[in-house]
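Colleague: I am new to this structure and would like to be walked through it. Could we look at it together?

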Amino acid sequence: MYPRPFEYVRAESVGQALDLKSDTGGRFIAGGHSLLPMMKIRMTSPGTLIDIGRIDDLRGISSNGGFTIGALTTHSMLASESAAGFPAALKEAAGMIGDPQVRNRGTVGGNVAHADPASDLPTVFAALGATMTAMSKGGATRDMAAPDFFTGLFESALNEDELLTAIRLSAEGESQGSAYAKLFNPASRYAIVGACAVVDVDGDGTCTSCTVAVGGLTPKATVLESVADGLVGNPITDDSAEAAARAAVDEVGDDIMGDLYAGEDYRRDMLPIFVGRALVAAGARAG
Ligand SMILES: Cc1cc2nc3c(=O)[nH]c(=O)nc-3n(C[C@H](O)[C@H](O)[C@H](O)COP(=O)(O)OP(=O)(O)OC[C@H]3O[C@@H](n4cnc5c(N)ncnc54)[C@H](O)[C@@H]3O)c2cc1C
């Protein structure tokens, strides 16, 4: 399939990208790994593509107590980040995305702006409590908490005239551990079920806090409150994690989506297994 004809312009700076957006009403393109396939099947046909892929200011990870990840940082860069305190779940999830071509071209900004329910990074950012920063023409910026950023199936809180510039995260503390577990589609490697757990433990190995987010089976990355109720105050073992993870099924309820690759019932059965695995792996990394 070929896309409909389009104009192509390359932005050299964030300011120019936003001016071009305002002038042409076009669509940003970063790695092109989600947008171009959609254009080829004509699910979308922008009149102008605004290539932001060479704006160096948007690429890379900087640390200043926490971490700021530029929107053009690739999945490979996330997976190979070695700074102390960089969240293990994020490295792990980025390393599980697609194949080497996708990880070398796909960007964190494109991944979250696209808000594909089967993507991995939205789930991780929701669990980590990340903050998304968007900029509009003139340079005004707006911060959004990750759980509020993902609003529905392929929908985010990003306004049409905004460019996502960066994502901010706290550094992982010594008593903290995080992990991502995924049941992946064997062809595309997108998530059928994705679960991210972030836990804190005290000196005795007792869980003192726990945040779990899931994706793949829900229309958007979803933070689950009920899993923590069963785990906080207990040591994190295979049994306690499995028992706590069962609450995920009730909390997700009717929000579970099925498709050609995996039906609703199958995903519902898999959900506590992958939540449990993420909890146990996060617990093993904490403390
Ligand atoms: C074969 C294959 C397998 C894949 N497997 C996985 C997987 O296992 N897990 C997973 O999570 N993903 C997977 N992906 C998706 C991949 O991670 C994409 O790279 C990512 O979703 C989009 O990033 P991109 O840079 O290519 O964005 P693009 O395709 O360039 O853009 C996607 C959308 O985001 C918008 N956009 C891009 N950057 C910005 C910005 N800075 N501000 C505002 N809007 C912006 C664009 O306008 C467009 O609407 C796969 C893709 C392919 C082709």
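Predicted model: local features only at pLDDT ≥ 70, side-chain atom pairs only at ≥ 80, totals over all residues.

Colleague: In what sense do strand 12 and strand 13 pair, and over how many bridges?

Modeller: Strand 12 (residues 191–201) and strand 13 (residues 207–215) are paired in the antiparallel sense, over eight bridges. Strands are DSSP runs of E with at least two residues, helices are runs of H or I with at least four, and both are numbered from the N terminus. Two strands pair if DSSP finds at least two bridges between them.

Colleague: Which helix touches strand 11, strand 12, strand 13 and strand 14?

Modeller: Helix 7 (residues 121–128) packs on the sheet and touches those four strands, and its direction makes about 155° with that of strand 13. Helix 12 (residues 264–285) also packs on the sheet, touching strand 11, strand 12 and strand 13, at about 150° to the direction of strand 11. Contact here requires C-beta atoms, placed from the backbone, within 7 Å. Angles run from 0 to 180 degrees between N-to-C directions, with axes fitted as lines to C-alpha atoms, for helices over the stretch in contact.

Colleague: And what is the order of the strands in that sheet?

Modeller: The order is 11-12-13-14, in an open sheet of four strands with antiparallel pairing. Strand 11 (176–184) and strand 14 (222–224) are the edge strands, each pairing on one side only. From one strand to the next, the twist averages 20°.

Colleague: Changing topic, which domains does the assignment give?

Modeller: The domain assignment gives domain 1 (7–51), domain 2 (60–169) and domain 3 (177–285); such bounds come from an automatic or database domain assignment. The centres of domain 2 and domain 3, taken over C-alpha atoms, are separated by 20 Å.

Colleague: How many residues are in contact between domain 2 and domain 3?

Modeller: In domain 2, 23 residues are in contact with 26 residues of domain 3. On the domain 2 side, the elements giving two or more residues are helix 4 (88–95), helix 7 and strand 8 (150–152). Helix 7 provides the largest share of that side, six residues. By class, that side has 17 nonpolar, four polar and two charged residues. Nonpolar means Ala, Val, Leu, Ile, Met, Phe, Trp, Tyr, Cys and Pro, charged means Asp, Glu, Lys and Arg, and the others, Gly among them, count as polar.

Colleague: At what angle do helix 4 and helix 7 pack?

Modeller: Helix 4 and helix 7 pack at about 175°, and their axes are 10 Å apart. That makes helix 4 roughly antiparallel to helix 7, a term for angles over 145 degrees, whereas under 35 is roughly parallel, 65 to 115 roughly perpendicular and the rest oblique.

Colleague: Which residues meet there?

Modeller: Ala89, Leu90 and Ala93 in helix 4 meet Leu121, Val124, Ala127 and Leu128 in helix 7. The residues of this contact divide into seven nonpolar, no polar and no charged.

Colleague: Which residues come nearest to the ligand?

Modeller: Gly31, Gly98, Gly106, Gly109 and Gly110 come nearest, of the 31 residues around the ligand. A residue counts as near if its C-beta atom, placed from the backbone, lies within 6 Å. Two or more residues of the shell come from each of strand 2 (27–29), helix 2 (35–40), helix 6 (108–114) and strand 10 (163–169). Helix 6 gives the most, with five residues. The shell has 14 nonpolar, 13 polar and four charged residues.

How values were computed. Residues numbered from 1 in each chain as written. Contact = placed C-beta atoms within 7 Å.
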